[in-house]
Amino acid sequence: MKLVDVRDSGYEVFHQLMNGYYRDGEDAETPQEEIDAFISYLFELCGNGRISGCIAWENVPVGFVLWNVDSEDGVFSRKPGYGTILEIGVSPEARGRGIGRILADYAQSQMGMDRFYVCAYGPAEQFWEKCGYHHSGELAENGLKIMTKGDLNGR
């Protein structure tokens, strides 16, 4: 498997993966125009260095991860001083092979932090628990659980 910077993979590949991720998840009913605008916004954030991301390739794109080191003025700031994985997804046909874990580990290694958090719901909570995250007892503004790793709550 090859990990390629989002910017080097191009917008079409990024859009394809992100659109599938949103359509398969909690945003299945969101109008396509809203999804497209948000995907474009995320790609722009990667392009100007406000967040980072990579695409996993196995002859075809099979997954992605977006991350950031959180700060007070961060785009999606919830826990300044922590690294955060903003979005992660693996295409349905590639799931169950450890690609999500590889992407999560890679993102964490790129941030150079020892404390991390994610906002998770439903089945994603189980994935993050397997990656060593624990519910912090906090909720994000959108109601998702904030799960941490490497702090007193996240062990």
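The element names come from DSSP runs numbered from the N terminus: helices are H or I with at least four residues, strands are E with at least two.

Before going on, I noted that this is a predicted model, where local features need pLDDT of at least 70 and side-chain atom pairs count only at pLDDT 80 or more, while totals for chains, interfaces and linings use all residues. Residues are numbered from 1 along each chain as its sequence is written, and side-chain values use heavy atoms, with hydrogens and water left out.

**Entry: the largest pocket**

I looked up what a pocket is here: on a 1 Å grid over the protein atoms alone, probed at 1.4 Å, it is an open set of points with protein on both sides within 12 Å along at least five of seven lines, and lining residues have an atom within 4 Å of a point. The largest pocket holds about 1300 Å³ of space. That volume is the space filled by probe spheres set on the points, with grid points joined across faces, edges and corners.

I found 41 residues in this lining, and Tyr21, Glu87, Ile88, Tyr121 and Ala124 lie nearest the centre of the pocket. Strand β4 gives the most, with 7 residues. By type, the lining has 22 nonpolar, 9 polar and 10 charged residues. For these classes, Ala, Val, Leu, Ile, Met, Phe, Trp, Tyr, Cys and Pro count as nonpolar, Asp, Glu, Lys and Arg as charged, and the others, Gly among them, as polar.

**Entry: the second largest pocket**

I read a volume of about 170 Å³ for the second largest pocket. Its lining has 14 residues, and Gln16, Leu17, Gly20, Ser91 and Pro92 lie nearest the centre. The elements giving two or more residues to this lining are α2, β3 (60-69) and β4. Helix α2 has the largest share, 5 residues. The lining splits into 7 nonpolar, 4 polar and 3 charged residues.

Is Ser91 buried or exposed? I found that Ser91 counts as buried because its relative accessibility is 9%; buried means under 20% relative accessible area, exposed over 50%, and partly exposed in between, with a 1.4 Å probe and protein chains only. Ser91 sits in the loop between β4 and α4. Apart from neighbours within four places in sequence, Ser91 is in contact (heavy atoms within 4.5 Å) with Pro61 and Val62.

**Entry: α4 and α5**

I then turned to a helix pair. The axes of α4 and α5 come within 11 Å and cross at roughly 60°; axes are lines fitted to C-alpha atoms, for helices over the stretch in contact, and angles run from 0 to 180 degrees between N-to-C directions. This crossing of α4 and α5 is right-handed, with the near helix turned clockwise from the far one by less than a right angle. Gly100, Arg101 and Ala104 of α4 make the contact with Phe127, Trp128 and Lys130 of α5. These residues divide into 3 nonpolar, 1 polar and 2 charged.

I checked Val69, which lies in strand β3 and is partly exposed, at 36% relative accessibility. Beyond neighbours within four places in sequence, Val69 touches Tyr82, Gly83, Met111 and Met113. From Val69 to Thr148 I noted 79 residues in sequence and 14 Å in space, C-alpha to C-alpha.

Asp24, in helix α2, is partly exposed at 48% relative accessibility. Asp24 and Gln110 are 86 residues apart in sequence and 27 Å apart in space, C-alpha to C-alpha.
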